[in-house]
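Visitor: I would like a close look at a single part of this model, followed by whatever connects to it. Please keep the account plain.

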Amino acid sequence: MLSTDASISTRQRSPSLFSRIYWFFGRKEKQIVMRPILMKGHERPLTFLKYNREGDLLFSCAKDHTPNAWFADNGERLGTYKGHNGAVWCCDVSRDSMRLITGSADQSVKLWNVQTGAQLYTFSFASPARSVDFSIGDQLAVITTDPFMEQTAAIHVKRIARDPAEQTSESVLTIKVPEGRLRINRAVWGPLNRTIISAGEDAVVRIWDSETGKLLKESEKETGHQKAITSLSKSSDWSHFITGSLDKSAKLWDSRTLMLIKTYVTERPVNACDISPLLDHVMLGGGQDASHVTTTDRRAGKFEAKFFHKILQEEIGGVKGHFGPINALAFNPDGRSFSSGGEDGYVRLHHFDPDYFNIKM
C-alpha cells in the first residue's frame, strides 16, 4: 500500500524561509521575494527529482531509502514507496504515470505501481544501481550499475513487460564501459531509442548504439568537461541535452552528433541541471561537497539555483533558500514552476513570478 503521513507539513511559509530571487535586466538587478512551498518528507539528503509527463506529480529520491510522491501544484505528499534498503539514487516514471522505476545502493532496481505503492518487480544486481531511464514507449529501461568489488561499471538494458507477471530479469543488452572502475552517474535514451547517452566520473560523454552496444561517439577532452560529470538532463524534444560537472560548468550538447553547443560557467561545482521546456533558459545547482561546507556558507545562503540564458550563456538570475548544496533540480513540463532538492533534506517547490516570463535580454 502507498503509505501517507498527514502530519507532515508541506506548506511551511515562514517569512524567514522565503526564497530571495534576483533577475538581471541588463545591468540592473531586480529582487523579488517568492514564497516557496517547503516539502519535508525525507530525513536525509535529496538525490533526484522527477516530474511525470503531465507535470501534476513530482517524485523525489533521497539517501533515506524511501522515494516520495507529491502533488506538484501545492506540495501535498501523496505517499511513499517502501522496500529499498539503501540510498535511492534515481527514478523515472512511465508516460502514463502508472509505473515508477527506482535505482538504489542496495543493488536493486524496483518497479512500482504509482497509485498503490505496490512493488511490481525487483531487478537484482551484483553492485549498486545508480541510474534508471524509461525508453519512449516504456518497453525498455536503461540501468547503470557502479563498480563494486570485482564488478566494473556497466550499462544494462531491460525489457519492461506490460503484465508484471510476465516480467523477467534477463538483460537485452549489457555494455561494459571503458575506465570500468569509474562510476557512470547518468545514462539516458537518445532520440527514438536508437542510442544511449552516458556520462560519469571519467568526465567523458559517450553515445552508444542501443541495439549492438557499439560505441558511436565520445566527447573530446579538450572541449569537454575536465572533472567528473554529475548530472545529465534531456530537452523536452530530446534534440539536445545538458551535463553538469564538478569542474564548475555545465555544457549543452547535440543529442545526435555530440557537438558541443554552449558552455555555462559558475563559481561552484554543479551537482544538478535542467533545460526549460518553455523558455531559452537552463538551470544549474550545486555547491561544495557536504564535508567541505562551512557554517558561514550556510548562513550566507550560498546554495542557489542559477538560471542562464541558453543561447547567450549569460546568468540571468538565481533562487536562494537551501541550507546546503543542491543535489537535484527539475523544471515542471509546463515550464511555469521548478523544484529543487538539497543536502538539507528539503524539497523546495517554486512557482515562477510573472516577471520571470517577461525577462528581456
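In what order do the four strands of the open sheet lie, and is the pairing parallel or antiparallel?

Guide: The model is a predicted one. The four strands of this open sheet come in the order E8-E9-E10-E11, and their pairing is antiparallel. At the edges are strand E8 (88-93) and strand E11 (119-124), each of which pairs on one side only. From one strand to the next, the twist averages 15 degrees.

Within the sheet, strand E9 (residues 99-104) and strand E10 (residues 108-113) run antiparallel and are joined by five bridges. Gly103 stands opposite Val109, a residue of E10.

The largest nonpolar core has 24 residues, and Val109 is among the members that touch the most others, along with Phe59, Tyr81, Leu100, Ile101 and Val114. Two or more residues of this core come from each of strand E5 (57-62), E8, E9, E10, strand E12 (129-134) and strand E13 (140-145). As background, nonpolar side chains in soluble globular proteins tend to be buried together.

Next, the empty space. A probe the size of a water molecule, rolled over the atoms, shows where such space is left. In this structure there are four cavities of 30 Å³ or more. The largest cavity has a volume of about 110 Å³. It is lined by 13 residues, and those closest to its centre are Thr266, Arg268, Gly286, Glu304 and Lys306. Strand E25 (281-286) and strand E26 (304-309) each supply at least two residues of the lining of the largest cavity. The largest share of that lining, three residues, belongs to E25. Sorted by class, the lining of the largest cavity contains five charged, four polar and four nonpolar residues.

The second largest cavity holds about 90 Å³ of space. Its lining has 14 residues, with Val177, Ile184, Gly200, Asp202 and Arg206 closest to the centre. Strand E17 (195-200) and strand E18 (205-209) are the elements that give two or more residues to the lining of the second largest cavity, and E17 gives the most, with three. By class, the lining of the second largest cavity has seven nonpolar, five charged and two polar residues.

Leu192 is in the loop between strand E16 (184-189) and E17, and the phi of Leu192 is near 60 degrees, a positive value in a residue other than glycine. For comparison, most residues other than glycine have a negative phi. Leu192 counts as exposed because its relative accessibility is 52%, and the cut-off for exposed is over 50%.

Leu258 also has a phi near 60 degrees, again a positive value in a residue other than glycine. Leu258 is in the loop between strand E22 (249-254) and strand E23 (260-265). Here the relative accessibility is 7%, so Leu258 counts as buried, the cut-off for buried being under 20%.

Notes
Residues numbered from 1 in each chain as written. Predicted model: local features only at pLDDT ≥ 70, side-chain atom pairs only at ≥ 80, totals over all residues. Heavy atoms only, no water. Pairing = 2+ DSSP bridges. Axes fitted to C-alpha atoms, helices over the stretch in contact; angles between N-to-C directions. 1 Å grid on protein atoms, 1.4 Å probe; cavity = no way out; pocket = protein on both sides within 12 Å on 5 of 7 lines; lining within 4 Å. Points joined across faces, edges and corners; volume = space filled by probe spheres on them. Nonpolar A, V, L, I, M, F, W, Y, C, P; charged D, E, K, R; others polar. Core = buried A, V, L, I, M, F, W, Y, C linked by side-chain atoms within 4.5 Å. Buried < 20%, exposed > 50% of the residue type's maximum accessible area, 1.4 Å probe, protein only.
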